[in-house]
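Okay, thanks for coming, everyone.

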Amino acid sequence: MAEEIHSVLVVGGGPVGLAMAAMLGKARHKVALFERWPTRYGLPRVGGIDAEMMRIFHSLGMGGHWFDDMIYPRSYSWHGINGEELQDLRRGRPEVEVSGWPGFVLQYQPYLEDELAKVVESSPTAELNRGWEVIEIRQHSDHLELKAREMKLTAAGEIAPTGATRVARGRFLVGADGANSFVRSIVGQPIEDLGLTTRWFHVDSRINAAGRGKITRVAQYCEPSRPYMCMPMGKSHYRFEFMVMPEDDEAELLKPETAWHFMEPWLRQGDVEIVRHMIYSVACRLAGNWRHGRILLAGDAVHQMPPKLGQGMCSGIRDVFNLAWKFDRILNGKAGLSLLDTYTAERLPHVRDLIELSAHHTRLVCEIDPERARARDEMYLAGRAPALKPLPWLRDGIVYGSSGSADRVAGRLGPQGRISLNGVAGFADDLMGTGWSVVTMKDVQTNLRADRRIFLESLQTRFLRIARNASKAGRGEAIDLDGVYGRFFGEAGVESVLVRPDFYIFGSAGSAQEFDGVVDDLHHQLVEHQ
Ligand SMILES: Cc1cc2nc3c(=O)[nH]c(=O)nc-3n(C[C@H](O)[C@H](O)[C@H](O)COP(=O)(O)OP(=O)(O)OC[C@H]3O[C@@H](n4cnc5c(N)ncnc54)[C@H](O)[C@@H]3O)c2cc1C
């Protein structure tokens, strides 16, 4: 092992692999990513992302054209057989969510991937190797070795090997190589089909001047003859998704004239340029174990779900953000490999809930039996539809509740918003930095016992104290500019939260004494993984 050894090797340069490399590069760990395509894919899949993603991507310093192009729709409506609105998934939601950003953001994936790649490329410790397909992986007791072959683009737009190969070594490997994951096959990890596969034909287009403003909202038309949806993907693109029906001739669907015909009620030729027109199968699939020794699987390699909730990629980004802080502790010698056991325990149930939720939404909007579709519409129009379920939270792993407490807030997302602190306004993450943090309405710091203070200092914990009364904010107390903290603490009924580096709450406290218990439990849990 005399040769150079990376901290982490990443296989796959989709959004999840790029995000993993960006997070590790930002933390100055030596990371090398291998993506088989020599150029970036360049076409969108992901349209919608949520507030949690915005917080994560913002913390990586992303912005640029991706950010300028995005939009924050105030509406995501479902329409019944006769066009009536059945529900609006955004109605009643606050302007900004607990993460400090709007809860539904429409953006253009190639711009997102450009920004992620920029973060990777700007890190002196990260390598982005495009045009290298990983073909062999060997796991040893203290490191791994991969072999990759160089790929070039052919005139037909395919990829083919050049004949060159290379070997790279690393302490860990993340397989973020998509639904047909090679890494998953190497470790022999099966992926279970949970049922509900639907087929869709997509038409994505770039908006010309004549087409601006023609589609301004996200609308799902639940017509049993052919369910479909349309939406803007940022300011520059539109998307249409039409369900493939049993009687369809798929070759006909893929003709450009069919795409124009289907989009006719909204768009005319000249309004847009079609950039992508293809048929997709979307499945519900989940793998049972995401860690195999030094190999970790993430993103579509271990879970796939219908895109109706816009949570497929979001889940993959959560996977690697979860891994990022754990790798950081291990690579800095503060934790042992057992910390990685908490990865599947924390992430799998969260993703399972989201798969179930997105499958439930898909079944409702994709009802092709006219009688059942009518019954669905009647249920919604009579106000008898079940309330929307909230997004899941962490229930196991490094979470206070998992060790027996009845903490109602542990495992949920911690609050972040714009604050004014000592006369400077901005996002709390920008002003305070990210990592372990305590967000509190009380001074829990001054009287902290020395051993607890030393422990929190060893985690470089930041304390953010929110003023109860904005007009009387003292020095070091932050004013809650968007009401995010007031709303959070009001609803949670607690005084303080101890938040993990991936923005999930470890535990909460209603008093200084309870806070001591939360700190002690975190200490205990982290010591267990040293
Ligand atoms: C139509 C559609 C709409 C969607 N909409 C949304 C949405 O609105 N919101 C959302 O959150 N999600 C959405 N998703 C889901 C989202 O697209 C995926 O979850 C996401 O792309 C998964 O990212 P990934 O990086 O895990 O995998 P991928 O994007 O599949 O990337 C895997 C990469 O690995 C590379 N690779 C594979 N094998 C190798 C190898 N052996 N060596 C090197 N490289 C390799 C591939 O070339 C590829 O670039 C949608 C999906 C679809 C299909």
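This is a predicted model: local features need pLDDT of at least 70, side-chain atom pairs count only at pLDDT 80 or more; totals for chains, interfaces and linings use all residues.

Let's begin with strand 11 and strand 17 (residues 285-287): three bridges join them, and they run antiparallel. When I say strands and helices, I mean DSSP runs numbered from the N terminus, E of at least two residues for strands, and H or I of at least four for helices. Two strands pair if DSSP finds at least two bridges between them.

Residues are numbered from 1 along each chain as its sequence is written.

Next, a hairpin: strand 8 and strand 9 form one, with four residues between them. Strand 8 (residues 132-139) pairs with strand 9 (residues 144-153) in the antiparallel sense over seven bridges. There, Q139 has L144 in strand 9 as its bridge partner.

Now the ligand. Which of the 35 residues around it come nearest? Those are G12, G14, G178, G299 and G312; a residue is near if its C-beta atom, placed from the backbone, lies within 6 Å of the molecule. Elements giving two or more residues to this shell include helix 1 (15-26), strand 8 and helix 8 (312-331). Helix 8 provides the largest share, four residues.

On to the domains. The protein chain is divided into domain 1 (6-71 + 104-192 + 287-340) and domain 2 (400-528), with bounds from an automatic or database domain assignment. Seven residues from domain 1 and nine from domain 2 make the contact, meaning C-beta atoms, placed from the backbone, within 7 Å. On the domain 1 side, helix 2 (51-59) and helix 8 each give two or more residues, and helix 2 gives the most, with four.

Last stop, P124, in the loop between helix 4 (109-122) and strand 7 (126-130). Is P124 buried or exposed? It's exposed, because 7 other C-beta atoms lie within 10 Å; the cut-offs, with C-beta atoms placed from the backbone, are 12 or fewer for exposed, 20 or more for buried, and partly exposed in between.

Definitions and conventions: Two residues are in contact if their C-beta atoms, placed from the backbone, lie within 7 Å.
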